[in-house]
Protein chains: 4
Amino acid sequence: MNLSELKQEVFDANLKLVHYGLVLHTWGNASGIDREKGLVVIKPSGVPYETMTPDDMVVLELETGKIVDGVLKPSTDAPTHLAIYRAFERVGGAVHTHSTHAVAWAQAQRDIPIVGTTCADYFYRSIPCCRSLTPEEIERDYEGETGNVIVETFRERGIDPMATPAALARNHGPFCWGKSALDAAFNASVLEESAKMAFMTALLNPTLPVDEALIEKHYSRKHGPNAYYGQR
Amino acid sequence: MNLSELKQEVFDANLKLVHYGLVLHTWGNASGIDREKGLVVIKPSGVPYETMTPDDMVVLELETGKIVDGVLKPSTDAPTHLAIYRAFERVGGAVHTHSTHAVAWAQAQRDIPIVGTTCADYFYRSIPCCRSLTPEEIERDYEGETGNVIVETFRERGIDPMATPAALARNHGPFCWGKSALDAAFNASVLEESAKMAFMTALLNPTLPVDEALIEKHYSRKHGPNAYYGQR
Amino acid sequence: MNLSELKQEVFDANLKLVHYGLVLHTWGNASGIDREKGLVVIKPSGVPYETMTPDDMVVLELETGKIVDGVLKPSTDAPTHLAIYRAFERVGGAVHTHSTHAVAWAQAQRDIPIVGTTCADYFYRSIPCCRSLTPEEIERDYEGETGNVIVETFRERGIDPMATPAALARNHGPFCWGKSALDAAFNASVLEESAKMAFMTALLNPTLPVDEALIEKHYSRKHGPNAYYGQR
Amino acid sequence: MNLSELKQEVFDANLKLVHYGLVLHTWGNASGIDREKGLVVIKPSGVPYETMTPDDMVVLELETGKIVDGVLKPSTDAPTHLAIYRAFERVGGAVHTHSTHAVAWAQAQRDIPIVGTTCADYFYRSIPCCRSLTPEEIERDYEGETGNVIVETFRERGIDPMATPAALARNHGPFCWGKSALDAAFNASVLEESAKMAFMTALLNPTLPVDEALIEKHYSRKHGPNAYYGQR
């Protein structure tokens, strides 16, 4: 995939966020990475989805964050995306949304629990709600530190980021990732639906009972070495 | 109805699940049975609804589960459908969805209570939430045992599967059935609406008061020997 | 308005229920009355909205319930409509729906409280949730007695049916009425929105605080002798 | 912007309320002001959105409320808009809606708390739920006093109306404002989404934990002297 194709995919992934109903106004952004070239393609900041084109996508250097292609400013959240790409080496795409139910969990400062097969088909463990940033972190490099805290959370809790491809920035909202920009957008839609289901489950049964063997089974039948879901 | 017509109906029933808003991505499947030939027609696994055609439907032998027609793999949940058809002899069609509110009850490990006439018009008793599968059952034949536990639940509780045509696989979601694939899809839509109403009822009045005589009346005026609802 | 025009309006009112999102499948019906002729026009039973025409409307005698025009069976709920027309002499149209949030209150066996101006613009007092029918009433004439219990509720509580044009049949759902079939359908849409707002209000503040003077003001600025809302 | 352009913008802002899903029937109104001429342009009262044209907008004198252009009666809520324009001198547009979740908070008599960055990007402090009007205020000039109580609330609590551009009229619903009519409509959509998220947050975590430094950061990166969100 060349850079022009990656721009198109990142553009498509941004529109998918709208199509999935995850975005109000311009509140979302998707990016993709070319690991060989060390370049990240990301949505420009605050541009309406209706008029955006693939050529509006902004290209950044992974290591420096420097703009190497594009006339618009990149998404304000670009440093968060970059931190995720730098730490999680198998990630090919990342998205950020303010999808309603996932935000509700982030604002409640709670992990989104994996309490059923709908989420277990895509997320192996609860979606962690990260710690608050310190005032110093906010002051120093707010968006970059948001990404660092996500990375810290996964490392400290020993979560595999490819098996649980999302995190909640506390009192903010979800960041999701995946093998590609489109895959990350897909995961964002699963996360929102899971957050909605878990919200209602929490009201119907606050103990949130889980069935570990079932979760294990569902995740592994789709993603394990002997996966048998889907064609081929 | 010949096999080609059954494929068309099963295809239509799958699209109905989308039309009713019960399915996100490819998370649902519908099947129908030809009792005389002992053949079950079911959706292929993981195929997008947008590109699916009636000819993509997969034909299985009821008794063996062997594919006798079709080039695609059948839905991963096919063994659950087969177990339902084998045990409930008057069932002509079955569907599985991850519809949001029904899943919430399944994740809360609670039966969906019949607390009003909306559900009582189609479901005579609470929709049972089945027991968890044991790790051994999950290991042995996960999808088949999911069906077996549904059958076990109806037998142990003495529920008539044609009068209460749905069950909740615990921490998973609803399986519904009916006289045909389209009827099963219809029941799945009623179940979801009933689950939504019951969710809000449970929050407004946790005692979930029922009026048995009313439930009896509504079910029987539509389905009893002297039914008088609808034309003819 | 002649009978043909009334059929058209009743037909339109039935479609309005669908347009307002109050009806799933065929779960709703609207009727209108010609007081001079003593004739009630009502939707046929169980006919899909997509294929229904104005000529499918059924004409009944107000006093006897006898069909005087139309080849289809009238809505099963016709006797409830007739009871409302007989007792509430200024009613020109009536509708029944299973709209989601209004049903939730009916199933919770609670009145829908008037806790804000949105509902107070159209409903002067809480929407009463009627008592359960006795098994004898259900046996004798279920649909007629459903109407009788609505009438009984308004008489015993001293509610003016034109100022509070709706009731909840317990564990069933809302019946609404108004000056015409279209007005009744409009009121049904206001009721559902009010029920939704009241549901959330009840969760945010279970004491459901009311401001009587405000309710009085809003109702009277639209409906009182010195009403000044709208044009003319 | 001349008066004809302002009528067009106010018309557009009214339709935006419908587009954003904030309005059922005719329950909403938007206005804009020409500060130099001292004229306010506002939606007419009770006119359906489908047939309304820019020329139906009504022009009022800011100081007297007298109609200076237009054949229709202005929105019943015009005196509330005028009170807001008179007290908050930087306001260029105002809207009133009965959007579902914001109304739920107003009916619960609770401020909408700012518990996340989604709302903090546009609202610096909790949206205040104003005190009830006294029966005397309701009697004297209901709509005007509704505006006066909003102004009183902001003064007494020391809230900057341009940094927190909305208020809840108790047991009624939201009034929002902004730099223009379109900006006010935009803020109304953010308020409704924030109200929905806060509703769910309150159910998941009634303590509603806030992160002050984060709120401060998000508001200032969009609206502070060193704002860096968006293009330019």
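Visitor: Which residue of chain D comes closest to the rotation axis?

Guide: D:L203 does, its C-alpha lying 5.5 Å from that axis. This is a predicted model, in which local features need pLDDT of at least 70 and side-chain atom pairs pLDDT 80 or more, while totals for chains, interfaces and linings use all residues. Residues are numbered from 1 along each chain as its sequence is written, chains are lettered from A and ligands numbered from 1 in the order written, and side-chain values use heavy atoms, without hydrogens and water.

Visitor: What makes the relation of chain D to chain C that of a four-fold axis?

Guide: Two copies of a chain are related by a rotation about an axis and a shift along it. Here a rotation of 90° with 0.0 Å of shift superposes chain D on chain C, at an RMSD of 0.0 Å. The superposition is by least squares on the C-alpha atoms of residues with pLDDT of at least 70 in both copies. That is the relation of a four-fold axis.

Visitor: How do you know that the copies meet through different surfaces?

Guide: Only 3% of the interface residues of chain D are also interface residues in chain C, so the surfaces through which the copies meet are different.

Visitor: Why are β4 and β6 of chain D said to stand at the edges?

Guide: Strands (E, at least two residues) and helices (H or I, at least four) are DSSP runs, numbered from the N terminus, and two strands pair if DSSP finds at least two bridges between them. Seven strands of chain D form an open, antiparallel sheet in the order β4-β3-β2-β1-β5-β7-β6. β4 (67–69) and β6 (166–169) of chain D each have a single partner strand, so one side of each has no neighbour in the sheet. Neighbouring strands are turned by 25° against each other on average, direction ignored; axes are lines fitted to C-alpha atoms, for helices over the stretch in contact, and angles run from 0 to 180 degrees between N-to-C directions.

Visitor: Why is β5 of chain B called largely enclosed?

Guide: Buried means under 20% relative accessible area, exposed over 50% and partly exposed in between (1.4 Å probe, protein chains only). Five of the five residues of β5(B), 93–97, are buried, so the rest of the structure largely encloses this strand. B:G93, B:V95 and B:T97 cover one side, and B:A94 and B:H96 the other. β5(B) also pairs with β7 (residues 173–178) of chain B over four bridges, in the antiparallel sense; there B:H96 has B:F175 as its bridge partner.

Visitor: How do you know that the span of helix α1 of chain B agrees with 1.5 Å a residue?

Guide: The expected span is 1.5 Å times one less than the number of residues. For the 17 residues of α1(B), 3–19, that gives 24 Å; the end C-alpha atoms are 24 Å apart, which agrees. The buried residues of α1(B), among them B:L6 and B:F11, pack against elements including β1 and α6 (181–204) of chain B. After α1(B) comes B:G21, with a positive phi near 80°.

How values were computed:
Contact means heavy atoms within 4.5 Å.
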